Amino acid sequence: MIGGIIATHAGLANGLLEAVEMIAGKQENLLAVSLREGDGLEMLIERLQKAAAAMEGEELVIFTDLFGATPFHAASVLSAQTGCHVVCGVNLALLLDFAVKRESISLQDMRDSLQAVSKTDYRWIEQSDII
């Protein structure tokens with residue numbers, strides 16, 4: 001099973017995990033880590049290290065909210081230390097795809113699947129598209 005950590009600003013990570021579990025059921029080896037106001041990079045790196053140590057899978061993917069922001073930088077440090085993988089721009093569609101497939105596909109197939117979801121999930125809907 002591929003393990004996952006959701007690392008975001010404020011309570012977004014917990015909200016995303018709660019939504020995934022509401023739809024796909026309780027998730028093992030999928031954790032939420034939040035950057036709170038006043039936290040620094042080092043504090044978030046420590047939280048990610050603790051979360052990663054709790055994972056039981058051979059592979060680990062860290063999902064972050066914004067490229068270049070503190071959660072991304074903390075995940076990048078962990079990636080340099082451990083070889084884990086980082087995905088930026090996390091959303092519910094990506095996490096659901098990850099949650100339902102992570103026990104049955106390879107890391108490369110997971111990467112391909114997440115890239116496909118990210119391309120098809122974003123849509124700008126006009127009124128004429130609805131009616």
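A polar contact here is a pair of N or O atoms within 3.5 Å; within protein, one must be able to donate a hydrogen and the other to accept it. With that in hand, here are some notes on this predicted model, in numbered points.

1. The side chains of D97 and K101 are joined by a polar contact of 2.8 Å. D97 sits in helix α4, which covers residues 92–101.

2. **More on D97.** Is D97 buried or exposed? With a relative accessible area of 9%, D97 is buried, because the cut-off for buried is under 20%. The side chain of D97 also makes a polar contact of 2.5 Å with the side chain of S113. If you set aside neighbours within four places in sequence, the residues in contact with D97 are S113, L114 and V117.

3. **From D97 to A24.** Along the chain, D97 and A24 are 73 residues apart, and their C-alpha atoms are separated by 9.8 Å. A24 belongs to helix α1, residues 12–24. A relative accessibility of 32% makes A24 partly exposed. Which residues does A24 contact, leaving aside its neighbours within four places in sequence? They are L96 and V100. For another pair to look at, take A24 and L44: 20 residues separate them in sequence, and 27 Å separates them in space, C-alpha to C-alpha.

4. **The chain as a whole.** The protein chain has six helices and four strands. Read from the N terminus, the order of elements is β-α-β-α-β-α-β-α-α-α. The radius of gyration is 15 Å, close to the 14 Å that the globule rule gives for 131 residues, so the chain is as compact as a globular protein of that length. Along the principal axes, the C-alpha atoms fill a box of roughly 50 × 35 × 25 Å.

5. Buried residues make up 37% of the 131 in the protein chain. Looking at contacts with a separation of 6 or more, 69% are between residues 24 or more positions apart.

6. **The sheet.** In what order do the four strands lie in the open sheet? The order is β2-β1-β3-β4, and the pairing is parallel. At the edges are β2 (30–35) and β4 (85–88), each of which pairs on one side only. From one strand to the next, the twist averages 20°. As background, strands of a sheet pair through backbone hydrogen bonds, in a parallel or an antiparallel way.

7. Strand β1 (residues 3–9) runs parallel to β2, and six bridges join them.

8. **A loop residue, D39.** Where does D39 lie? You will find D39 in the loop between β2 and α2 (41–53). The D39 side chain reaches the backbone nitrogen of R36 at 2.8 Å. A polar contact of 2.7 Å also joins the side chains of D39 and R47. Not counting residues up to four places away in sequence, D39 touches S34 and R47.

9. **Aromatic pairs, part one.** How many aromatic pairs does the structure hold? There are two. In one of them, the ring centres of F63 and F98 are 5.0 Å apart and the planes stand at 75°, so the pair is edge-to-face. This pair links distant parts of the chain, with F63 in strand β3 (residues 60–64) and F98 in helix α4, 35 residues apart. F63 counts as buried at 0% relative accessibility, and F98 is buried with a relative accessible area of 0%.

10. **Aromatic pairs, part two.** F67 and F72 also pair: their ring centres lie 4.7 Å apart and their planes are at 50°, so this pair is tilted. Why does F67 count as exposed? Its relative accessibility is 66%, and the cut-off for exposed is over 50%. F72, by contrast, is buried, with a relative accessible area of 14%.

11. **Where to look first.** From D97 you can follow the side-chain contacts to K101 and S113, and from F98 the ring pair with F63.

Note on methods:
Residues numbered from 1 in each chain as written. Predicted model: local features only at pLDDT ≥ 70, side-chain atom pairs only at ≥ 80, totals over all residues. Heavy atoms only, no water. Helix = DSSP H or I, 4+ residues; strand = E, 2+ residues; numbered from the N terminus. Buried < 20%, exposed > 50% of the residue type's maximum accessible area, 1.4 Å probe, protein only. Contact = heavy atoms within 4.5 Å. Phe/Tyr/Trp six-rings, centres within 6.5 Å; stacked < 30°, edge-to-face > 60°. Pairing = 2+ DSSP bridges. Axes fitted to C-alpha atoms, helices over the stretch in contact; angles between N-to-C directions. Rg over C-alpha atoms; globule rule 2.2 N^0.38 Å.
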